[in-house]
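Reader: I'd like to go through this one feature by feature. Could you show me how to read each of them?

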Amino acid sequence: MSIRRLVGLVLATALLAAGCSEGQITKTEGDVRIWLHESGFATSADAADLQGTMVYDRDARCMFLVRGENRRAVIWPSGTRIEEEDPVVLLSRGETIREGDIVSGGGGSHSFDRFEDLIPSECRTGAAGVVVFNADSEIEVTRP
């Protein structure tokens with residue numbers, strides 16, 4: 001087992017033991033960090049259509065969806081994984097998502113209060129809250 005995989009397993013186990021809210025856990029891969037719903041956890045489906053440009057802040061190590069003046073931290077659907085770190089490339093529900101791509105899917109917007117134990121303070125600065133893709137959300141990607 002690689003050290004990266006072992007660190008990820010230890011982190012996931014610690015977060016699960018701490019009682020993560022609504023099934024989201026932090027997944028860290030190298031220097032890039034993402035949050036996601038893990039399958040098998042109970043989640044409530046939000047009916048909003050989320051859309052924004054995927055932006056990764058390397059200094060804060062936070063991923064955001066940006067739409068107009070709103071920059072929101074993002075929690076991805078289960079199965080999302082990091083394919084590349086520089087530039088950041090994700091694979092989610094069979095879709096490749098690159099920095100600068102417009103991403104849309106089902107979910108909802110929430111205040112940071114709901115995720116205060118999950119989303120670190122450096123990801124709250126200048127952000128307008130959190131967008132949460134439903135755990136089983138389909139993802140659509142548009143390249144500008």
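Reader: Let's begin with the cysteines: are Cys 62 and Cys 123 buried or exposed?

Author: Keep in mind that this is a predicted model. A residue is called buried when its relative accessible area is under 20%. Both Cys 62 and Cys 123 are buried.

Reader: What joins Cys 62 to Cys 123?

Author: A disulfide, with an S to S distance of 1.8 Å. The structure holds one disulfide. The pair ties together distant parts of the chain, 61 residues apart: Cys 62 sits in strand S4 (residues 62–67), while Cys 123 is in the loop between strand S9 (102–110) and strand S10 (130–133).

Reader: And which hand does the disulfide of Cys 62 and Cys 123 have?

Author: Look at the torsion about the S-S bond. Here that torsion is about -75°, so the disulfide is left-handed.

Reader: Okay, zooming out. How many helices and strands are in the protein chain?

Author: One helix and eleven strands. Of the 144 residues in the chain, 42% are buried.

Reader: Now the backbone. What should I look out for there?

Author: Most residues other than glycine have a negative phi, and most peptide bonds are trans. So you look for exceptions. Arg 61 has a positive phi of about 60° although it is not a glycine, and Arg 93 also has a positive phi, near 55°.

Reader: Where are Arg 61 and Arg 93 found?

Author: In loops: Arg 61 is between S3 and S4, and Arg 93 is between S7 and strand S8 (95–98). Arg 61 counts as partly exposed because its relative accessibility is 27%. Arg 93, at 34%, is partly exposed too.

Reader: Which residues does the cis peptide bond join?

Author: Asp 86 and Pro 87, with omega about 0°. Pro 87 is in the loop between strand S6 (81–85) and strand S7 (88–92).

Reader: Last one, the surface. Which residues gather in a patch of negative charge?

Author: Asp 49, Glu 95, Asp 136, Glu 138 and Glu 140. Take Asp 49, which lies in strand S3 (residues 48–57). Exposed means over 50%, so Asp 49, with a relative accessible area of 69%, is exposed.

Reader: Is Asp 31 buried or exposed?

Author: Exposed, because its relative accessible area is 57%. Asp 31 belongs to the loop between strand S1 (24–29) and strand S2 (32–37). From Asp 31 to Arg 58 there are 27 residues in sequence and 8.3 Å in space, C-alpha to C-alpha.

Methods:
Residues numbered from 1 in each chain as written. Predicted model: local features only at pLDDT ≥ 70, side-chain atom pairs only at ≥ 80, totals over all residues. Heavy atoms only, no water. Disulfide = S-S within 2.5 Å. Helix = DSSP H or I, 4+ residues; strand = E, 2+ residues; numbered from the N terminus. Buried < 20%, exposed > 50% of the residue type's maximum accessible area, 1.4 Å probe, protein only. Patch = residues over 30% accessible without salt bridge, like charges linked within 9 Å, V, L, I, M, F, W, Y side chains within 5 Å. Areas by Shrake-Rupley, 256 points an atom, 1.4 Å probe, with all protein chains shown as cover. Salt bridge = Lys/Arg side-chain N within 4 Å of Asp/Glu carboxyl O. Lys, Arg positive; Asp, Glu negative; His and termini not counted. Charge placed at Lys NZ, Arg CZ, Asp CG, Glu CD.
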